[in-house]
Amino acid sequence: MKIPESLSAFAADLPEQALWTPLAGGRTNRVWRVQVAGGDDLVCKLYRGRDSNPLFGNDPEAEFACLSALAGQAIAPDPVRMLVRDSGTVLLYRYLEGLVWHQGVEPVSELLRRVHASPPPAGLRRSPVGGAAVLAQADTILAGVPGGAARRLHERRPQVGTSLPSALSFLHGDVVPANLLQTPKGLRLIDWQCPALGDPVDDLACFLSPAMQVVYGDGPLDADQAPAFLECYDDPQVSARYEALRPAYHYRMAAYCLWRVQQGNADYSAAFEAELAALG
C-alpha cells in the first residue's frame, strides 16, 4: 500500500518505501502501521482536529510532549516526530507489538502508579479536582443533553464531600482497555492525546468505569477486581479519595454516555445503563 491519499500533504516527510496498514480501534483519529524498508516499524497517526468532546480531548502537541517525556521508560511508545501542516497534524512513533488488554487489573494499577509518579511535561491542561468540580463538569455535559434520560440521571445527582489531593499528578486521561497494550516486554499505555495534571483518582475512575469497560472491553469488571486494583495501587489516601468521590465520577461518566448517544453512538446506551447501575 502506498502513502494514503489522506496523508498527501505530509508525503514529502513520510517513507515511500514502506508497507502501510490501517489500524483498527481509533474512534477519533486515523492510524496506520508503517513498516519501513530497512527495519523501522512505526505508527502514523493523523489527527482529525480538536473536536467538541466535553471529557476526552484530542491534542497532538500534548501527546507528543507526553511521549517525549516518557521516552525510554517502558510506559508509552517512543516518539519519532510530529508533522504540522495547515491541513492537520501527524504524529509518528515506534510501533509496539502486542494485544489489547483483557484481564489482570494488577499490571494496570502498577503502570498507572508509575505514570502518576513521573514528572509531567510543561503546559498540560488541568483536570477538574474534587467532588464539586467533577459534578460541575458533569452538569455542564448534561445541560446539553435533552430528554428523559438526562432528567432521570439528574434526579440521581449525588452529594459528595470535598476531598482534594495534596499535589497534582501526571494523568493519561483516557485509561480504557483499548489504550492498554500487552507487549512482550510488559503493559504499555498508548493514545496520549488527552493528558492532564490532576488527581490520580481521575485515571483510576476511568479504568474502573463500567461504561468504559462496556464500550472498550469485555463488560464491567467483577466485584472483586476493583478492590484488587486499589490494593495493588498501594496508596491508602488515593484509595480513600476514590471511594469518597466514586459517585461523582459515575455521575459524570453517565452524563458523558448520554452525550455520546446524542452524537449518534448507540453503543453508549448500554454503557449509560451500566454506569447508572454503579451510581446506585
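A residue is called buried when its relative accessible area is under 20%, exposed when that area is over 50%, and partly exposed in between, using a 1.4 Å probe and protein chains only. The model discussed here is predicted, and local features need pLDDT of at least 70, side-chain atom pairs count only at pLDDT 80 or more, and totals for chains, interfaces and linings use all residues. Residues are numbered from 1 along each chain as its sequence is written, and side-chain values use heavy atoms, with hydrogens and water left out.

Consider the backbone at two loop positions. Most residues other than glycine have a negative phi. D234 is not a glycine, yet its phi is positive, at about 60°. D234 lies in the loop between α7 (225–233) and α8 (236–262); helices (H or I, at least four residues) and strands (E, at least two) are DSSP runs, numbered from the N terminus. With 57% relative accessibility, D234 is exposed. A74, also not a glycine, has a positive phi near 60°. The loop that holds A74 runs between α1 (60–70) and β4 (79–85). A74 has a relative accessible area of 33%, so it counts as partly exposed.

Now take the cysteines. A disulfide is a covalent bond between the sulfur atoms of two cysteines; here it is counted when a pair of cysteine sulfur atoms is within 2.5 Å. The whole structure contains zero disulfides. For C44, the nearest cysteine sulfur belongs to C66 and is 19 Å away. C44 is buried because its relative accessibility is 0%. For C206, the closest cysteine sulfur is in C194, at 7.9 Å, which is too far for a bond. C206 is buried as well, with a relative accessible area of 6%.
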